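Here is a guided look at one protein model, written for someone who is new to reading structures. Keep the 3D view open while you read.

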Amino acid sequence: HPVFSPVQKSVVEADPEAFNEMPIGNGPYKMSEPWNHDVNILVERSDTYYGTPGLPDSIEYRIYSTQDAAFLDFQAGNLDVIRGVPDEQIEQARIDYGDRFIEQATGSFTYLGLPWTFEPFKNADIRRALLMAIDTEAINERIFVGRDTPRGFVPGVANGAIEDACEWCRFDPTAAKELYDAAGGVPGDELLLVFNSGAGHEQWVEAVANDWAANLGITATFQGFEWAAYLDYLFGEEPNTDPFRLGWGWDYPSGYNFLAPLYACDSGDNLTGFCSPELDAELETVITSLTEEDGIPALKEAQRIVGDLIPVIPITYGRSAVAYTEDLSNVAYTDFGFFIFVDVVVDRG
């Protein structure tokens, strides 16, 4: 988290642009040359680090425009580590890489945000109908290859997570259609879905569109943006008026970190416009409790509030699908979604 990555104020102020291209931090590695945009970032072991030195002499972080391109480079032997095996390659990766393929639950989830302050999404029954019309279990089994289907809004790896947070988090096309029709549907029975392209989201977004067409009679089109353009779209001056794909990974190991950033009324990461004073009161109780365990009842109630009002549609909880080559050993991967590169042993034979 940025607050735990302090930098030298005088150096930043002296030349902000140069600092952005080659930041100076306080970790076990330092950049060996400026950021090579869209290509790579090179770092080397820092000889002034105060703690235990990292084991690799240097690390090259390569930048790819698509997940598929990165995986092809890994298969060709041009990468030591792949941080995201494409979903359609997971079953074969289990066979090809064995113990060097790591699957484990992570503190993250993918969701479809609903612009709460705009019609027709102001209507709670429209939001509930859109959720129940999606066969998320099939999406997780077929597209995400066996991931857990969310029944709530906090992944199970987090303390205090509950699975019964959301009575609407089920596939029920008949009930969805009844709610949808009773609520008046969406104008023209048409919706636009927006998402970031090149990261493997196309298949499940199309599956959502197909489910809405089959179960609600909605014609859903979708539009993909490159990541930088997508951030401009989401955080720009113009408000979001269409359902949008986004994900969230925890900054610290607490269910609170999934609820407060995404749904608190005054949070800068709340991109749906959702606001519930009742939820904010429960979140306040969580963080003012003397211990983490004391705050669990309020944390559970906060999940139920979100689960009833449906500001977003949960699609899948995070699970790693990463691999590394035979040249590496002592490789560890955390439920925060990171390799611990400082401990990796490299043996080129």
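The report below goes from the core to the helices, and then to a few single residues.

This is a predicted model, so local features need pLDDT of at least 70 and side-chain atom pairs count only at pLDDT 80 or more, while totals for chains, interfaces and linings use all residues. Residues are numbered from 1 along each chain as its sequence is written, and side-chain values use heavy atoms, with hydrogens and water left out.

**The core**

Let's start inside. A nonpolar core is a set of buried Ala, Val, Leu, Ile, Met, Phe, Trp, Tyr and Cys residues joined through side-chain atoms within 4.5 Å. "Buried" means under 20% relative accessible area, "exposed" means over 50%, and "partly exposed" is in between (1.4 Å probe, protein chains only). In soluble globular proteins, nonpolar side chains tend to be buried together.

The largest nonpolar core here has 70 residues, and Leu130, Trp212 and Tyr263 are the ones that touch the most other members. Helix α8 (residues 202-216) gives this core its largest share, seven residues. Helices (H or I, at least four residues) and strands (E, at least two) are DSSP runs, numbered from the N terminus. There is another core apart from the largest one, with 13 residues, including Ala70, Ile82, Ile90 and Val145.

What does Trp212 touch, not counting residues up to four places away in sequence? Its partners are Leu112, Leu130, Ala133, Ile134, Leu191, Leu193, Gly217, Ile218, Ala220 and Ile313. Touching, or contact, means heavy atoms within 4.5 Å.

Now find helix α7 (residues 173-182), whose buried residues are Ala175, Ala176, Leu179 and Tyr180. Seen down the axis of α7, these fall within an arc of 135°, so they line one face of the helix. The arc is that of the directions from the helix axis to the C-beta atoms. An α-helix has 3.6 residues a turn, so residues three or four places apart point the same way. On the face of α7 turned away from the buried side you'll find the exposed residues Thr174, Glu178 and Ala182.

The buried residues of α7 pack against α5 (124-132) and α8. Just after α7, Gly184 takes a positive phi of about 95°.

**How helices cross**

Axes are lines fitted to C-alpha atoms, for helices over the stretch in contact, and angles run from 0 to 180 degrees between N-to-C directions.

| Pair | Angle | Axes |
|---|---|---|
| α5 and α7 | roughly 155° | come within 8 Å |
| α10 (residues 256-263) and α11 (residues 277-288) | about 140° | 11 Å apart |

Angles under 35 degrees count as roughly parallel, over 145 as roughly antiparallel, 65 to 115 as roughly perpendicular and the rest as oblique. That makes α5 roughly antiparallel to α7, and α10 and α11 are oblique to each other. The crossing of α5 and α7 is left-handed, and the crossing of α10 and α11 is left-handed too. Left-handed means that the near helix is turned anticlockwise from the far one by less than a right angle.

Which residues make the contact between α5 and α7? On α5 they are Asp125, Ile126, Arg128, Ala129 and Met132, and on α7 they are Pro173, Ala175, Ala176, Leu179 and Tyr180. For the other pair, α10 brings Tyr256, Leu259, Ala260 and Tyr263, while α11 brings Leu279, Asp280, Leu283, Val286 and Ile287.

**Two strand residues**

Met31 sits in strand β1 (residues 29-31) and is buried, with a relative accessible area of 15%. Leaving aside neighbours within four places in sequence, Met31 contacts Glu21, Met22, Pro23, Ile41, Leu42 and Val43.

Thr110 belongs to strand β6 (residues 105-113) and counts as buried at 13% relative accessibility. Beyond residues up to four places away in sequence, Thr110 touches Trp204, Arg245, Leu246, Gly247, Ile313, Pro314, Ile315 and Thr316.

Most residues other than glycine have a negative phi, and most peptide bonds are trans. Against that background, look at Val145, with a positive phi near 55°. Val145 is in the loop between α6 (136-142) and α7 and is buried, at 8% relative accessible area. Asp189 has a positive phi near 50°; this residue lies in the loop between α7 and β7 (190-196) and is partly exposed, at 32%.

Finally, a cis peptide bond joins Glu119 and Pro120, with omega about 5°. Pro120 is in the loop between β6 and α5.
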